[in-house]
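Please read them with the structure open.

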Amino acid sequence: MDILKTLTTPNNDIRKKTLDLCMRLLSPRNVQNVVGVLKKELVKTDSPGHDDGKEYRKILVESLHKCAVKFPEVVPDVVHLLMNYIGDENTAGAKDVILFVRHIVEEYPKLR
């Protein structure tokens, strides 16, 4: 989805609105591509050049959670990446990851 290119903007409000729009446009045909882009963006937030990484990471985790709930076939791809962020120094982001993992473990016992 070309609209995801706007995630390169440094403004988190624009990023959040873009991701909200993408979540509404999500379909079985494009969910893998969207999750791939979100995973790449999440990894980029670890780099030292990201000053707003904590807030942006929280937005990305929420979006990945929405994708996984809406399309369960992407759950295995998302869970393994998000497990790396449970020990995040950003308590709000780590809390979101824990809530996501708890929800997934309750819904999909095979992934335990």
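1. Leu-25 lies in helix H1, which covers residues 12–25. Keep in mind that this is a predicted model. The relative accessibility of Leu-25 is 47%. Leu-25 therefore counts as partly exposed, since that class sits between the 20% and 50% cut-offs.

2. What does Leu-25 touch, once neighbours within four places in sequence are left aside? The partners are Met-1 and Asn-30. Met-1 is 24 residues away from Leu-25 in sequence. In space, the C-alpha atoms of Leu-25 and Met-1 are 9.4 Å apart.

3. Asn-30 sits in the loop between H1 and helix H2, the latter spanning 31–44. Is Asn-30 buried or exposed? Its relative accessible area is 14%. Buried means under 20%, so Asn-30 is buried.

4. Asn-30 also makes a polar link. Its side chain comes to 2.7 Å from the backbone nitrogen of Ser-27. Beyond neighbours within four places in sequence, Asn-30 is in contact with Met-1 and Leu-25. Leu-25, in turn, has Met-1 and Asn-30 as its contacts under that sequence limit.

5. Now the surface. Met-1, Leu-21 and Leu-25 make a nonpolar patch of about 230 Å². Leu-21 has a relative accessible area of 32%. Patch residues need over 30%, and Leu-21 is classed as partly exposed because its value is 32%.

6. Met-1 is in contact with Leu-25 and with Asn-30, and Met-1 is one of the residues in the nonpolar patch.

Methods: Residues are numbered from 1 along each chain as its sequence is written. This is a predicted model: local features need pLDDT of at least 70, side-chain atom pairs count only at pLDDT 80 or more; totals for chains, interfaces and linings use all residues. Side-chain values use heavy atoms; hydrogens and water are left out. Helices (H or I, at least four residues) and strands (E, at least two) are DSSP runs, numbered from the N terminus. Buried means under 20% relative accessible area, exposed over 50%, partly exposed in between (1.4 Å probe, protein chains only). Contact means heavy atoms within 4.5 Å. A polar contact is a pair of N or O atoms within 3.5 Å; within protein, one must be able to donate a hydrogen and the other to accept it, and residues adjacent in sequence count only if both atoms are side-chain atoms. Patches are made of residues with over 30% relative accessible area and no salt bridge: like charges are joined within 9 Å, nonpolar side chains (Val, Leu, Ile, Met, Phe, Trp, Tyr) within 5 Å. Accessible areas come from the Shrake-Rupley method with a 1.4 Å probe; for residues, only the protein chains shown count as cover. A salt bridge is a side-chain nitrogen of Lys or Arg within 4 Å of a carboxyl oxygen of Asp or Glu.
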